[in-house]
Amino acid sequence: MRTGEVLTEVIRRNDAATFTAFMDQLDRAIAPGKEIHVVLDNGSSHTARHTKTWLAAHPRWRVRWTPPHASWLNQVELFFSALTRRVVRHGDFASRDDLIEKLEAYVIGHNEAAKPYRWTYGGTPLKAA
């Protein structure tokens, strides 16, 4: 959040085991005395029993859950929206590797000029649809 840069990793599956393996990497990389605050949505890999067990065993991790149907509160969703519009939506991909290459090229370009996302929502309720 501080820089606006995005880190990526290619994964085969988006499941709880893959997610907790990622959190293990972060846990090892971050100084042991520091608390880790993470914002999670209600995706199945985040709410799975396996993940909850992992979190219970790692008390320095502080989870902030976004409300259901409010993923727009999670700032990484702004990046996913731009990525979808600029690469995925009208993309033509010859293979999985081609898709990965184009996604990684987008991320590299994004990071060259990265700026922190600025929160502009003031808390005023949206008008009824």
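Helices (H or I, at least four residues) and strands (E, at least two) are taken here as DSSP runs and numbered from the N terminus. The model is a predicted one, in which local features need pLDDT of at least 70 and side-chain atom pairs count only at pLDDT 80 or more, while totals for chains, interfaces and linings use all residues. Residues are numbered from 1 along each chain as its sequence is written, and side-chain values use heavy atoms, with hydrogens and water left out.

Asp 98 is found in helix α5, which spans residues 96-112. With a relative accessible area of 18%, Asp 98 is buried, a term that stands for under 20% relative accessible area, whereas exposed stands for over 50% and partly exposed for what lies in between (1.4 Å probe, protein chains only). A polar atom of the Asp 98 side chain lies 2.9 Å from the backbone nitrogen of Ala 94. When neighbours within four places in sequence are left aside, Asp 98 is in contact (heavy atoms within 4.5 Å) with Asp 92 and Phe 93.

In helix α3, residues 49-56, the buried residues include Thr 51, Trp 54 and Leu 55. These residues are on the same side of α3 because they cover an arc of only 95° around the axis, the arc being that of the directions from the helix axis to the C-beta atoms. Exposed residues Arg 49, Thr 53 and Ala 56 are carried on the face of α3 turned away from its buried side. The cover over the buried residues of α3 includes α1 (16-29), α2 (44-47) and β2 (61-65).

Within α3, Thr 51 is buried, with a relative accessible area of 0%. Its side chain reaches the backbone oxygen of Ser 45 at 2.6 Å. Apart from neighbours within four places in sequence, Thr 51 is in contact with Ala 16, Phe 19, Thr 20, Met 23, Ser 45 and His 46.

Two packed helices are described by the angle between their axes and the distance between the axes. Helices α1 and α3 pack at an angle of about 20°, with their axes 8 Å apart, where axes are lines fitted to C-alpha atoms, for helices over the stretch in contact, and angles run from 0 to 180 degrees between N-to-C directions. This angle makes α1 roughly parallel to α3, since angles under 35 degrees count as roughly parallel, over 145 as roughly antiparallel, 65 to 115 as roughly perpendicular and the rest as oblique. The contact is made by Ala 16, Ala 17, Phe 19, Thr 20, Met 23, Asp 24 and Asp 27 of α1, and by His 50, Thr 51, Trp 54 and Leu 55 of α3.

Conventions
Polar contact = N/O pair within 3.5 Å; in protein donor to acceptor, adjacent residues only side chain to side chain.
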